[in-house]
Amino acid sequence: DLTNERRRSIISSLRALTRIAGTDPAQLRRTTELLGLQFHQPLRRKADHLAQKTGVRTLLKQFTKRDLVIGHRGDLPVRVVVRNPTLPKIPAMAANQPVRYFVVLSRLLNFTRAAEACNVTQPALTRAIQRLEDELGGPLVYRERNLTQLTELGRAMLPHLDAMLAAAENAAELAAVRQRKPVTSLKIGLAPGIGAAAIAGAVREVAKLLPDLVLRFEEAAVVMLIESMLSDQLDCAILPADCPLPERFNHWPLYADRAVAVMPPSHRLANMEAVTSDDLRGEVVLHDERCGGFVEALCRDEGEGILARRCDGSTSYLLDLVAAGLGLAIVSERIRLPAQLVAKPVVEPQLSRQIRLAAIAGRPQGPAMAVFIKLCRAEWTA
């Protein structure tokens, strides 16, 4: 049998353990040793299992919900009986009333006026504050006759609880707005070197049908776009046809993307109708992953004498360097070029790649997504 003082000491140690140890089983064991507690071997194995499965806070609740030997301090067994464990935790959004009561009380510093402001009785407000104190592991306010003041813990917790309450209220308000007026969005991924010009017509028609449409484009590597679609961050993506897709994806062919050589008007090749690999020998060709892989294909097949220079960055930066005379660039014919540059088709060999539209199979489609897919398929199938 333990005295009340001994029981309070053990419960205080358990609270400290949860605050310090977190959810790492190794840290849990180190902290118990610092506190002078050593787990029995069967309980240690159970502790590791439960910590990995549910986390330390849940673990300690399970240990303290019934009369159970937690460990020992020296030769003295530690047996804890806790009917209502008061381990520190963050109040859930559904239980924000005690937090709101505390924030109001911290401003008025009067239980009676705070209860009136919260439209509850004073005993109900007092009980709610006490529950919050139990959850946080210490008193938040103290009374001196008619004077109510925040404790050191109360002053430390106030900005965090106030921010949490404001965030919860904002979230609830945003959810209500979304329910009253759902947002229609279309999120499209673009693989490197694929511009939005080819799908601009379909997007324009979707926007006419859905005036409140919110558009978002994301350019990234193919692997990243696939991950974004799997995690529902993108509705669909425009990808090269030669990239592998998981079985979960539907895909539809769109168009053939051909390469052009981009150069300033003063370049020696600017007056030609088209350029060949022989014309490009001795030329510096700037490229990066956003150039569609055309330079890599050219160097692989007809690379002798072509000086390929890697130039990472956005397509606009690369075109600025071309305009400054640092070299040529070979990009998609659908890329919009600045006025100070000219484009010539690349023939012999003709560089091209097939482009397709990809989306998750079986996932519910919003109205914008459904219309966009139908328009794209109709435009290029025809």
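So, a nonpolar core here means a set of buried Ala, Val, Leu, Ile, Met, Phe, Trp, Tyr and Cys residues joined through side-chain atoms within 4.5 Å, where buried is under 20% relative accessible area with a 1.4 Å probe, protein chains only. Keep in mind that this is a predicted model, with local features needing pLDDT of at least 70 and side-chain atom pairs counting only at pLDDT 80 or more, while totals for chains, interfaces and linings use all residues. Numbering runs from 1 along each chain as its sequence is written, and side-chain values use heavy atoms, with hydrogens and water left out.

Okay, the largest core has 36 residues, and Ile188, Met229, Ile238, Leu239, Leu357 and Phe372 have the most contacts inside it. Among the elements that each give at least two residues are strand S5 (185–190), helix H9 (200–209), strand S13 (352–360) and helix H13 (367–381); these are DSSP runs, helices being H or I of at least four residues and strands E of at least two, numbered from the N terminus. There's also a second, separate core of 21 residues, including Phe111 and Leu165.

Now H9: Ala202, Val203 and Val206 are buried there. Down the axis of H9, the buried residues fall within an arc of 100 degrees (taken from the directions from the helix axis to the C-beta atoms), so they line one face.

Back to leucine 239. Beyond its neighbours within four places in sequence, leucine 239 is in contact (heavy atoms within 4.5 Å) with residues including Ala191, Val222, Met229, Gln354 and Arg356.

That's my tour, questions welcome.

Notes. Buried means under 20% relative accessible area, exposed over 50%, partly exposed in between (1.4 Å probe, protein chains only).
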